[in-house]
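The sequence and structure are shown first.

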Amino acid sequence: MSLVLLAPDRNMQPWKEALLNIDPNLDVEIWPGVSNSEKVQYVVAWNQPKQVLNSYPNLKAVSSLGAGADHLLKDDSLPEDIPICRVVSPSLVSQMKEYVLNAVLNYQRNTHMYAMQKVKGIWEPHPNKSPEEFTIGIMGLGELGRPTATYLAQLEYRVSGWSKSVKNIENVETYSGKEELESFLTGCCLLICMLPLTEETEGILDLDTFKKLKRPGYLINVARGEHLVEEDLIYALDKEWMEGALLDVFSKEPLPESHAFWNREKIMITPHVSSLTPPEEVAPQIVDNYKRALSGMDLKHKVDREKGY
Ligand code: NAP
């Protein structure tokens with residue numbers, strides 16, 4: 001019986017150590033150094049190459065290394081009857097709250113504009129935005145979006161949120177479903193995407209969405225690159241319907257050197273760092289789910305294949 005760590009673009013040694021600290025008897029291997037495919041019963045995966053997950057005939061379950069599981073759901077080589085789970089941790093939530101607050105303050109105090117003015121040697125003050133002047137709209141009110149919305153509301157920002165099912169969150173104006181998307185968008189100008197990537201949400205950050213925001217809008221995308229229609233953002237920025245954007249995620253990561261976003265002053269870029277999974281914190285839940293999978297029990301933090309998240 002072995003547990004395989006399958007994440008080609010990550011250093012998985014700290015993960016192996018964190019798992020062995022919980023249970024030194026575990027047989028943990030780091031892909032591609034898998035000694036016997038038949039022994040593999042559990043895989044923890046991130047950006048896995050295609051046609052690997054179908055090479056383990058005795059696989060019982062797969063866990064995402066992070067909060068999103070879209071990379072597993074769209075992997076055709078993962079047999080449909082294999083359950084998928086993800087990791088959920090307080091530190092993922094607190095890092096996301098910090099990142100978003102920092103982004104909101106940058107927007108409010110025009111730091112994004114001063115960053116571009118500095119490159120050109122321009123000394124030009126802009127009026128600070130007061131929290132009453134803008135509404136922050138959060139798309140996705142799940143493990144990350146809901147506490148972030150509550151946090152910003154506690155700081156006395158005007159916050160609204162949009163989700164699939166109806167929500168009731170103190171001091172947050174909530175909207176749900178496709179029918180309420182337009183009302184949600186027209187009420188806000190600072191839009192934060194915290195949706196999972198699904199067939200329904202792919203490309204949701206498009207020109208139609210940007211046109212509906214109060215002008216000029218501002219976008220913060222911390223979800224997935226494929227939520228954004230990249231050329232539509234550039235178009236909306238050029239039209240000055242959007243004031244700027246802070247992007248943490250991209251369809252292709254690392255963002256290629258030749259990508260148009262690098263030369264756009266109004267787009268700030270961070271390299272997918274808004275919330276990083278801490279191995280020591282999530283190791284206990286990985287070990288717990290591994291043991292659950294081996295004993296045929298239901299997994300915790302299971303991904304709903306029907307819903308796609
Ligand atoms: P989650 O707990 O699954 O919550 C997803 C939220 O999105 C839920 O509120 C859900 O509505 C809503 N939603 C899903 N489909 C929708 C639709 N079609 N229309 C309206 N609302 C919809 O996810 P999470 O843990 O908060 O994470 C969200 C995403 O953040 C992840 O999937 C991942 O891609 C991304 N992420 C990024 C980083 C980073 O470092 N950049 C780190 C962690 C996560 P219901 O509540 O009604 O189901």
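How far is a polar backbone atom of G142 from an oxygen atom of the ligand? In this predicted model, the separation is 3.1 Å. The ligand is surrounded by 29 residues, and R86, S165, K167, E200 and Y309 are the closest.

| Residue | Protein atom | Ligand atom | Distance |
|---|---|---|---|
| G142 | polar backbone atom | oxygen | 3.1 Å |
| K167 | polar side-chain atom | oxygen | 2.6 Å |
| E200 | side-chain N or O atom | nitrogen | 2.8 Å |

The helix pair consists of α1 (residues 13–22) and α9 (residues 279–294), whose axes come within 9 Å and cross at roughly 55 degrees. The crossing of α1 past α9 is right-handed. On the α1 side, the contact involves P14, W15, A18, L19 and I22; on the α9 side, P279, E280, V282, A283, P284, I286 and V287 take part. Sorted by class, this contact holds eleven nonpolar residues, one charged residue and no polar ones.

Between β2 (28–30) and β3 (40–45), the loop contains P32, and the peptide bond from W31 to P32 is cis with omega near 10 degrees. R215 and P216 are likewise joined by a cis peptide bond, with omega about -10 degrees; P216 sits in the loop between α7 (207–212) and β10 (217–221). Q51, in the loop between β3 and β4 (61–64), is not a glycine, yet has a positive phi of about 65 degrees.

Methods:
Residues numbered from 1 in each chain as written. Predicted model: local features only at pLDDT ≥ 70, side-chain atom pairs only at ≥ 80, totals over all residues. Heavy atoms only, no water. Axes fitted to C-alpha atoms, helices over the stretch in contact; angles between N-to-C directions. Helix = DSSP H or I, 4+ residues; strand = E, 2+ residues; numbered from the N terminus. Left-handed = near helix turned anticlockwise from the far one by under 90°. Contact = heavy atoms within 4.5 Å. Nonpolar A, V, L, I, M, F, W, Y, C, P; charged D, E, K, R; others polar. Near = heavy atom within 4 Å. Polar contact = N/O pair within 3.5 Å; in protein donor to acceptor, adjacent residues only side chain to side chain.
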